[in-house]
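Please examine the structure shown below. The paragraphs that follow lead through its aromatic rings.

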Amino acid sequence: MDGSTGSSSAPMASAPAHAASQRPEPAATPGTGADLNLGGPRPAAAAAADDAPALPALTLPPIVAPSSYLRVKKPVAPIAMPSPPETKTQSPLDREQREGLEAIRDFLKVRTSYDVLPLSFRLILLDTDLLIKKSLNILLQNSIVSAPLWDSQTSRFAGLLTSTDYINVIQYHIQYPDEMSKLDQFRLRSLRDIEKAIGASPIETLSVHPSRPLFEACKQMLKTRARRIPLVDVDDETGRETLISVITQYRILKFIAVNNADYTVMLKKTVREINLGSYNDLVTSTMDATVLDVIRLMVDGNISCIPILDSEGRVQNAFEAVDVIPCIKGGVYEDLGGSVGEALCKRPDDAPGIYTCSEDDRLDSIFDAVRKSRVHRLIVVDDDNKLKGVISLSDIMKYVLGEDEDEDEVQKQ
């Protein structure tokens, strides 16, 4: 071997000279130096050692074979490390959209629900002891479609009266026709008993404090699928509740549009790009269908709007849950057999009607429409006015608050 090999063999221990003439010895056990001279006569020095006191056995370090240094080592395969997730570069349009949404969300977090209220407004409060039949007349006379309820016995807020409650009364009339004579005597406090009788899910009685951030009110509305939420103040000393007003999704979105024009104009993505609205399994009807048939569709689909189409699928109008109220004016439930076309003619003169858009319309134009008109939903149509989808105010609010992004994060986790 060359010099480098000799250098590698240096750690090897040399065998004693006298052992060269002896028979081959068994290999030493690695890790110990004892019993290395098993064959042949022992040297004199070893014999003399028998008379000396026994020394404790020494444990030598393990012998390392030089071949372990000389053998060519196989390359170790590198451990595959997970590659970092690719960061998608945002386009200027994406970046501007994100900045606009974040600015609106920050605005909702610093403004309170009280800020949404107009400078002057009226609040019509209905006592739970009022007859259901009379409540209908009050709503119609005041051109409103809902009203907060007040329990005078407990002096507490008792929920909201909406068109859904009247639809529940209609279902009760259908399921229990023999009870028809008693309907005229039903009071507003009986609405919860009617819900139980027909198996309807009770509507959650929620409210927010007027001084809480508006962002919290929006979250509550989306969580409970409520389209309006009461503002209730509570006296710190007496615990007595005071109903301030009721704010709606439309009022909140208009508040955003009016006070955030610099940010809503940044929302330049189209309805198609942000997948805004519902487009699958849409429930529709025709002008010739009866009001009762449309109500059944609403109840079965848990929806509040039915697009009305012609024979070629073109949008003619939309029947909403609030359109039920004029149909049962005075508690006359027998008129529900009339056609949808007849029912739509009973809308008040100042009814906003329906608004349409296309999938190529941008979100900033929708906010512009909300700022100028009483938009409660948009019917998405194509160039031939054929139905494509429906955009509710809940869809818009959900997108603005980033609820879809939160759901995506949960699914990824």
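Is Y172 buried or exposed at its relative accessibility of 10%? In this predicted model, Y172 counts as buried, because a relative accessible area under 20% is the criterion for that class. Y176, in contrast, is partly exposed, with a relative accessible area of 33%. This value falls in the class between buried, under 20%, and exposed, over 50%.

The next subject is the pairing of rings. The structure holds 3 aromatic pairs. One of them involves F107 and F255, whose ring centres are 5.5 Å apart and whose planes make an angle of 35°. This pair is described as tilted. F107 belongs to helix α4, which covers residues 92-110, while F255 belongs to helix α10, which covers residues 249-259. The pair therefore ties together parts that are 148 residues apart in sequence. F107 is buried, with a relative accessible area of 11%, and F255 is buried too, at 10% relative accessibility.

Y172 and Y176 also form a pair: the centres of their rings are 4.9 Å apart, and their planes stand at 40°. Ring pairs join Y172 and Y176 with F186 in a cluster.

Which residue lies over the face of F215? That residue is K109, at 5.0 Å from the ring centre.

Conventions: Residues are numbered from 1 along each chain as its sequence is written. This is a predicted model: local features need pLDDT of at least 70, side-chain atom pairs count only at pLDDT 80 or more; totals for chains, interfaces and linings use all residues. Side-chain values use heavy atoms; hydrogens and water are left out. Rings of Phe, Tyr and Trp (its six-membered ring) pair if their centres lie within 6.5 Å; planes under 30 degrees apart count as stacked, over 60 as edge-to-face and the rest as tilted. Helices (H or I, at least four residues) and strands (E, at least two) are DSSP runs, numbered from the N terminus. Buried means under 20% relative accessible area, exposed over 50%, partly exposed in between (1.4 Å probe, protein chains only). A charge sits over a ring if NZ of Lys or CZ of Arg is within 6 Å of the ring centre and within 35 degrees of the ring normal.
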